[in-house]
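Here's a protein model to look at together.

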Amino acid sequence: WGEPHDRAQIIQGLCAQWLPFTADWPNESHQAPLDPAEELTESWLANRSPSATVLRQAHRLFFDRLFGEPARQAGRSRWGLKEVRLDASHAMYLRWLFPGSRILLLVRNPFDAYASYKQRGPWFFEWPKGPVQGVAAYGEIWSRLATQFHELSSNSQCMLLRYEDLEESVYSLREHTGLSTVAAPSDLSVLSGQAKITQSGKVNVLERTRLTAATRNA
C-alpha cells in the first residue's frame, strides 16, 4: 500500500497514543482485569482501562484489518506500505507492533529529491498545517529524517539505502525482505505519471545554496 489516506495521518496518530506511557503512567491499579464476580455498581470505574497489552493488540488488529485483510482478499499472503511522511519513531512503532516486519529506510540526494518535489508539490507533510513551502522548509524535513534514519540503521531489522543505489542493491534488498521477487529498477516498466524530471524541475543556484545550508549537518 502506498501513502494510505495521507492527510488522515493514520500511523502518526496511532503512534502518538503511546507518547504518555511511561513506567509511572498509567497506574497499574487502573488496568486491573475485570472480575466476573465484581459488583460494578460498587466499584470506582472512572479510571478503569483495559491493559496496555490489550491496547497494543488492538493496534495490531486495526492494521491487519485495514491493510492485511484486503491484501489477503486479493490473494496476497504478505502486505506492506510505502510512506514519505514517517520518521524513526513511527518506524520503531511499527516494528514494535510487528516484530517480524522488515523496514527499508530510503534516502535520496536532497537536490534531486527537491527537484522532484518542486515539480509536483506543494504537498502537506502534516495536515492541516500549511503545505511545505520553499527550499528551506523542505531541507529541514529532509535533514531531520535523514539523520534519524542514519541513527536507526544500526538496528538489524531496518536497512538504510540510498535511492541512487537501488539498482546495485537488489540482492541485499531481497535478503533483507526475504522476497526473491524484488525487482531492480531497470526491470520495471515506466508507467504514466512516472516521467523523468523536466527542466522545470531543476534546482536553481539560490535554491541549491539554501538547500545545502539546510542539510549541512545531516
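How many disulfides does the count come to? The count comes to 0 disulfides, where a disulfide is a pair of cysteine sulfur atoms within 2.5 Å. Before going on, a quick note: this is a predicted model, in which local features need pLDDT of at least 70, side-chain atom pairs count only at pLDDT 80 or more, and totals for chains, interfaces and linings use all residues. Residues are numbered from 1 along each chain as its sequence is written, and side-chain values use heavy atoms, with hydrogens and water left out.

**Cysteines**

A disulfide is a covalent bond between the sulfur atoms of two cysteines. The table gives their accessibility; buried means under 20% relative accessible area, exposed over 50%, and partly exposed in between (1.4 Å probe, protein chains only).

| Cysteine | Relative accessible area | Class |
|---|---|---|
| Cysteine 15 | 12% | buried |
| Cysteine 158 | 3% | buried |

**A strand pair**

Helices (H or I, at least four residues) and strands (E, at least two) are DSSP runs, numbered from the N terminus. Strand β1 covers residues 103-107. Its covered face holds Ile103, Leu105 and Val107, while Leu104 and Leu106 sit on the uncovered one. In a regular strand the side chains alternate between the two faces of the sheet. Strand β2 (residues 158-162) runs parallel to β1, and 5 bridges join the two; strands pair if DSSP finds at least two bridges between them. Opposite leucine 104 you'll find methionine 159 of β2.

**Helix α6**

Now jump to helix α6, residues 170-177, where Val170, Leu173 and His176 are the buried residues. Looking down the axis of α6, these buried residues fall within an arc of 120 degrees (taken from the directions from the helix axis to the C-beta atoms), so they line one face of the helix. Tyr171 and Glu175 are exposed, on the face of α6 turned away from its buried side.

**The cavity**

A cavity is a set of points on a 1 Å grid over the protein atoms alone where a 1.4 Å probe fits but cannot get out. The largest cavity is lined by residues including Pro4, Phe67 and Glu83. Helix α1 (residues 10-16) gives the most to this lining, with 3 residues.

Key:
On a 1 Å grid over the protein atoms alone, a cavity is a set of points where a 1.4 Å probe fits but cannot get out, and a pocket is an open set with protein on both sides within 12 Å along at least five of seven lines; lining residues have an atom within 4 Å of a point.
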